[in-house]
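Subject: Structure handover

Hi,

Here is the structure for you to look at. My notes on it follow below.

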Amino acid sequence: MKKTKTVNQKVRSIDGKGIMMGRAAYTDDFAPKAALVIKVLRSPHAFARIKRIDKSKAEALPGVEIVLTHEDFPRNPFTRAGQGYPEPSPHDKFALDDHVRYVGDEIACVAAHDEKTAEAALKLIEVDYEVKEPVLDFEKAKGNESVIHAEESIHEMFPIGFDPEKNVAAAYHMEVDDVEKRLSESEVTIESSFYTQAQAHTALEPHTVNARIDYLNRLVIYSSTQTPFHVRRILSQALEIPLNRIRVIKPRVGGGFGGKQAIHGEMLAAMVTMKTKKPSRLTYTRKEVFEATYSRHPMRIDMRLGATKDGRITAIDCYGLSDTGAYGEHALTVFMVTGSKVLPLYNKVDAVRFHGDIVYTNRMSSGAFRGYGAVQGNYALESAIDMLAEKLGMDPLALRQKNMIAEGESSPIFEIMGEGTAGTAMNMESCKLDYCVKRGMELIGYKDKYPRQEIGKNKLRSVGMAIAMQGSGIPYIDMGAATIKLNDDGFYNLLVGATDIGQGSDTILAQIAAEELGVDVEKMVVYSSDTDLTPFDAGAYASSTTYVSGNAVWKAAKTMKERLIAEAARSLGVEPEDIEFQGTSFKNKKDDEELTLSDLSNTLFYNDDQKQLSVTESYYGTKSPPPFMAGFVEIEIDKETGEYEVIDYVSVVDCGVTINPKLAQGQIEGGVVQGLGMAMTEDVKIAANGKLITADFLNYKIPTGKDIRKLTTEFAESYEKSGPYGAKSVGEIGIDTPPAAIANAVYNALGVRIKSLPVTPEKILSALKEKNGKHHMMGMRSHDGRNL
Amino acid sequence: MKIETVVNGHKRIFDITPDELLADTLKRYDYTSVRKGCDTTSCGVCTILVDGSPVPSCAYLTARAEGKEITTVEGIAEEAERLAEHFGDEGADQCGFCNPGIALSVHALKLSRKSFTEENLRHYLVGHLCRCSGYQSQIKAIQRYLGDAK
Amino acid sequence: MKFANYHRAESIEDAYEILQKDKTNTIVGGGLWLKLSRREIDTAVDLCDLGLDTIEEDEDVIRIGAMTTLSRIEESDALRNVASGIFPRAVSFIMGVQLRNVATIGGSVMGRYGFSDCITPLLALDARLDFHERGTVPLVDFLHEKGKVTDILKAVIIEKSAAKGFFKKVQKTAHDFPILNVAIVKKEKGTRIAIGSRPSVASLAKEAMEYLEKAPTPDEVIIAETARLAKETLKYSSNHRASAEYRAHLAEVYTRRGLMEVNGLED
C-alpha cells in the first residue's frame, strides 16, 4: 500500500466541534417554530379491530388543527423497511389501519398548536374496539387460530415465503449436500436450542420528523432517518404524492443502529402537512421509541453440529424461528443474515443447512438492528462450538483454528444466500481471522487465564471468546453515489447520498476524496443526504458506507483528478501526460512551471474557457468482503450470586485498511458495548396482555461508562483490494461476538451453559442450583453402586 | 407567570406556566443545545448548569430558577470547543446528541478543581448515557481535557 | 404533573396552611417525578427558600434538612463518619450526579418508594423524622403508615453513636434501581438489619435481629443462621427485575456477608 497523507491517519471528525458547541444540527432543531405539534393515539390492545372511531370532539377542541384516522389515508399497503426496491419485506402495513396489532400501534394522530392541546385532544378521540385474541408467544404463532394479517391487499413483492394465513411473514430453506446423512455419520455430535431476546436500539435522539410545504409547493420532510431516498419513495407510493413533489432532508442524526432504517413518523407528518398546508413536527417520546418503533428480532435457533473425533467439523444444521412482531419489516433478510454471515465461518464442512420461519406476533415490530441477524446466529453457533469442543476434549480455540475460514478460501453459502435473493460467489481476498485469534489470545492472556482462576472465596475470573464475520454492503443491490464539485479558490464540495448517522461517514468520505485529490480535509466540504441536492445512496445500513459509498467517492475523486489534469494541461498548453498532479498545484514536467489549484479554479470560473468542474460517480458492490473479528472477554464472577463484571473486552478486527483508525475504533467499541448490553442486561419485556414493561431507561438497562471497565481494541494489518484504499466496512462487526463470548466465559467459570439471552446473574444462579442438585443426586446414586 | 434569571451571563425574563420545566423553556427561548433524550431524568442529554451544578433540565421547574444562574453549552463555547478537540483526537464523538450535556458536567467538574481518577470519572458521568462510543474514548478525552486544564 | 399555581412558601406555617386548603396541593421536593406523574393539582408548594437544605450536627445527632440534596449528603463529612459512612455511600449509587444535585432527602423519604436506596440505610441507622405538626417520628413507624401525608417534613435526624455499617445494592447496571438492597448497622448495643427493594419498601429483619441479639458473640454459624432468618422471615416478591427466590437468596448472601464484615470476620 502506498503512503497516505489523510487516509489511515489521525484526522478529527469534521463536525465534532459544532456538535459539542450545541449548534443547530438535528432534525428537531430545524422545525419551524409555528409548526403544528403532532401526537399519536396508540393502541391499548395487543390485537383489536376498530369498530368505530369518532374524532369530532377532539377536532372541536380549540387549538386542534386536524385529527387523522385510517379513514383519512389512501389504502395502500407498503413496508416501512428502508431497503433495496422491490423490497424483500412484505407490504403488510397501512399508514393507519382499522386493525391494531400491538400495544402501541398507531390509531390516529392529532395536530394542534401546542403539545398540551394535542395531548388533551387525544383523550377526546372515541374508539370502540373488537378485542381479538393476541398471539404473544412466537413459538405458537405459526398456524395459530388467531390470524394477525387477514387484510386483502397485502402482498409480497417477489416470493419470500409470505403466508399470512399461517402467520408466516417469510420462510427460507437452503441446504448444501445432505445434512441429515452427514450428521448421522459424524463421530461426535451436539445439538442445542438457543434463544435471543428483543433488544432496543436506544439511540439517544428519539425518532423525529418535521414537514412543511415550500415555496415551490413541494413537501419538504426533515427526518432522523438512515435512508432518506427510501423514505421519499415509500411516502410517494403510500400517500400517492408524485416523487418529484417530495424532498427529504436528513440532518445530523443522533444515532441509528438500524432503528431509523424504517419509516417512523414520516407518514403522519407528511399527511398533516399535506392536508393543512401548515408545517408540522413529531418527536417521539422515549416511551414511544421503546413502545412503537422497532426492536431486534427475537429468535429461537436450533443448532446441530457434527465432527470427526479429531475435530474436523463436518456438518452444521441450523433451524431458526424468528419473531417479526406485528409487521414484517426486514423479516426475511435479517433471518437470512443469521445464516449467511455466520455459518461460512466454518467453511470446511461437508454439509450445511439453514432453514426456518419468520412469524408474526402481536408485539412491536422487529426491524433492522446493527448485526442484523448475525448477532443471533453468532451467539448460537459460537456457544455450540464451545460445547462441541468440550465434547471432543479439545481447546475451543484449537477447534476454531482448525476449522475456521482463511484467506483465499470461500464458502458455497456466499453464492446461495444473499439478502432476500440468491447471493454472490466470492473468495476471501482479505481474511486475517487467524491473526485476530492469535493476537486476541495474547492481549487477554488466554494461556494463563483459560478457563478460570480462583481469586478469593466467592470470586472467580474466567475468559471466553467468539469469532465473527459480517459483510460490506449488499452486492448488485445497494448503490452509493458521490458528486465532487470544484469551487473557486480551489476547494471542493463533496455531495453524497451516504447517510451520516453519527458513525462519522461524512468525515471518512471526505478523507477518501481529500486523499485522492491531495488536499487537506478542510478543503473538502461535505453535504450529505438530501434527496434534492445530493446524488442517490441506498443509505446507512448493511455495513455499506465505507465500502460502497467510499468506493463511489473514490471513483469520483479519481475522475475529478483526470478532469483537473486535463484543464491544467490546457491552461499550460501541454499534454495531460506532461502534468504532475500535486494536489494543490500542477507541475509541467517539461519545464517545472507550476500552476496552483487555486489559480486554475479561479481562471476556470472567471477568465478562460469558463466552466463548472463537477463529477458524479456511482458504485455498487460486486461482492461483499466480510470484516472479521475475534472477541475475547475476561469476567469476574461471584459464585454465590451469579453477578459478574467485565474486566476487559479484547477486540482484534480485520476491516481492511481503516480510513480513520480512531473512528473505526469507535465503531468497534460502540458495537462491543451494545453487544455486551444484549449479552448482559438488555431485555425488552412485555406483560401478559402485551403491554411493554421496559418502556423507559429506568427499566430498560443499557451499559453505562462504569459497567465496562476496559476495552482493548486493535486492528489487523489487512488490505482489501476491492475496497477504497484497501478498506472494508466496520459498522456492525463489533456487536457480534459479546453474547457468545460472555456465555462461554460464564461456562468456563462455573460450568453452566446459559442458552438464552441476556445472561443474567439470576439465570446463572438457577442453572448452578440445578447443576449442583444433579451432582448431589448423582452422588447419592453412585453411593447406591450404580455406574454413572 | 414571569421569572427573571441569568442565562449564560445575560439577564433573561421568561414568561412561563407554573408547571413548566426548564428544558422546555430554554428550547422555547432558542437555546438549541438543550435537547431531550428521555422523559424520566435518566439519560443526561438535557443537562444544564444551575448555579454551576449539573441538573437535568427536563425535571427542573423553571419557576424554581428565579434568581439563579443558568449555563447552557452556548455559554461555555470556548471550553466546549477545547473539549471537542480532545474528543476528536480520541475518536470519541459519534452522533453527538449527548455531547453538550457531557460538556457541561465536565465543565462543572473542572470548576470544582477536584482531582479525579478514571474510576471516579466513570462514576461521575454515570448519568450520561451514550449509545455510540462504548465510553472509553470519551473518558480518555475528558481526562486529557481535565489534565490540560490544570 | 400539571398545576395551576406555583407557590414559594415564606415559612413552614405558610406552606402548611396551603397544604390544608386543598387536598391536591403538594410539596415539591426535588421535583424529579413531576414529569412522570399524570396528576393534575391546584398548587405546588416549594420549600426552597426556607433554609431546609443544611446538614447540622451537635454532639449527639446529625440533622439533615428535608430540602438537602442527595449530592450534599454524599459529600457530607459528618455523615461519612457515621456507621462507616453507609448513608452517603448508599446515596452515591443513586442514578447520576445531575439527578442527585436536584433530588432531596425529603422527597426520597416521603415517597416511601420500594426502590429507595435512602430508606434502607436510614432504617438501619434508626433515623427519626422531624415533622412540622407531629414532631419527631421514628422512620420505622412512618413507613408503616398509609395514605397521603399532609404534614411537612422538616428534617431527618441520625444519631452519631459509634457504629459499624454495611450497605450493598444489587443492580443490573451502575445506573439502576436496586434489585435488592441491604443495610446493616452494628452499634455497641445491638445490630439493625434493613432489607429494601424486595421489591416493597425496606423493612427491618426483626426475627433475624432478635436472634442475633439473644445469641452469644457472633461467629460464622450464628451469622449464617441470622442471614437464613432474614431470608425466611421477610416477604420477597417477583417482578420483571428479579424473582422472589432470587431476591431472597441475595438477601441471605448479603446479610451474611454484611454481618461478617461489621463483626470483623473474614467471609
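Start with Arg241(C). Arg241(C) is buried, at 10% relative accessibility. (Buried means under 20% relative accessible area, exposed over 50%, and partly exposed in between, with a 1.4 Å probe and protein chains only.) Arg241(C) sits in the loop between helix 10 and helix 11 of chain C. (Helices, H or I with at least four residues, and strands, E with at least two, are DSSP runs numbered from the N terminus.)

Before going further, the ground rules. This is a predicted model, where local features need pLDDT of at least 70 and side-chain atom pairs count only at pLDDT 80 or more, while totals for chains, interfaces and linings use all residues. Residues are numbered from 1 along each chain as its sequence is written, chains are lettered from A and ligands numbered from 1 in the order in which they are written, and side-chain values use heavy atoms, with hydrogens and water left out.

Back to Arg241(C). Its side chain makes a polar contact with the side chain of Asn699(A), at 3.2 Å. (A polar contact is a pair of N or O atoms within 3.5 Å; within protein, one must be able to donate a hydrogen and the other to accept it, and residues adjacent in sequence count only if both atoms are side-chain atoms.) Leaving aside neighbours within four places in sequence, Arg241(C) also has contacts in chain A with Leu698(A) and Glu762(A). Its contacts within chain C include Lys172(C), Asp176(C), Phe177(C) and Arg247(C). (Contact means heavy atoms within 4.5 Å.)

Interface of chain C and chain A

Here 26 residues of chain C are in contact with 23 residues of chain A. The buried area is about 2100 Å², and carbon and sulfur atoms give 50% of it. (Buried area is the accessible area, 1.4 Å probe, that two parts lose on being put together, summed over both.) In chain C, Thr173(C), His240(C) and Tyr246(C) lose the most area to chain A, together 28% of what that side buries.

The rule finds four salt bridges across this interface. (A salt bridge is a side-chain nitrogen of Lys or Arg within 4 Å of a carboxyl oxygen of Asp or Glu.) Arg257(C) and Glu640(A) meet in a salt bridge, 2.8 Å from N to O. There are also 13 residue pairs in polar contact, both residues at pLDDT 80 or more. Strand 9 (163-170) and helix 11 (244-262) are the elements that give two or more residues to the chain C side. Helix 11 of chain C gives the most, with seven residues.

Salt bridges elsewhere

Over all chains, the structure holds 95 salt bridges. Glu567(A) pairs with Lys611(A), the closest N and O atoms being 2.6 Å apart. Glu567(A) lies in helix 15 (residues 545-572) and Lys611(A) in the loop between helix 16 (597-606) and strand 24 (614-620) of chain A, so the pair ties together parts that are 44 residues apart in sequence. Glu567(A) is buried at 8%, whereas Lys611(A) is partly exposed at 25%.

In chain C, Arg228(C) bridges to Glu225(C) at 2.8 Å. Both lie in helix 10 (residues 220-233), three residues apart, about one turn of the helix.

Nonpolar cores

The largest nonpolar core has 170 residues, and Met303(A), Ile316(A) and Ile742(A) touch the most other members. (A nonpolar core is a set of buried Ala, Val, Leu, Ile, Met, Phe, Trp, Tyr and Cys residues joined through side-chain atoms within 4.5 Å.) Helix 9 (residues 374-392) of chain A gives the most to this core, with eleven residues. A second, separate core of 105 residues includes Val7(B), Val82(C), Ile105(C) and Val137(C).

Backbone points to check

Most residues other than glycine have a negative phi, and most peptide bonds are trans. Two bonds are worth a look. The peptide bond from Tyr85(A) to Pro86(A) is cis, with omega near -5°. Pro86(A) lies in the loop between strand 3 (64-68) and strand 4 (99-100) of chain A. The bond from Tyr450(A) to Pro451(A) is cis too, with omega near -5°.

Asp177(A) has phi near 65°, a positive value in a residue other than glycine. Asp177(A) is partly exposed at 43% and forms a salt bridge with Arg182(A) at 2.6 Å, N to O.

Best wishes
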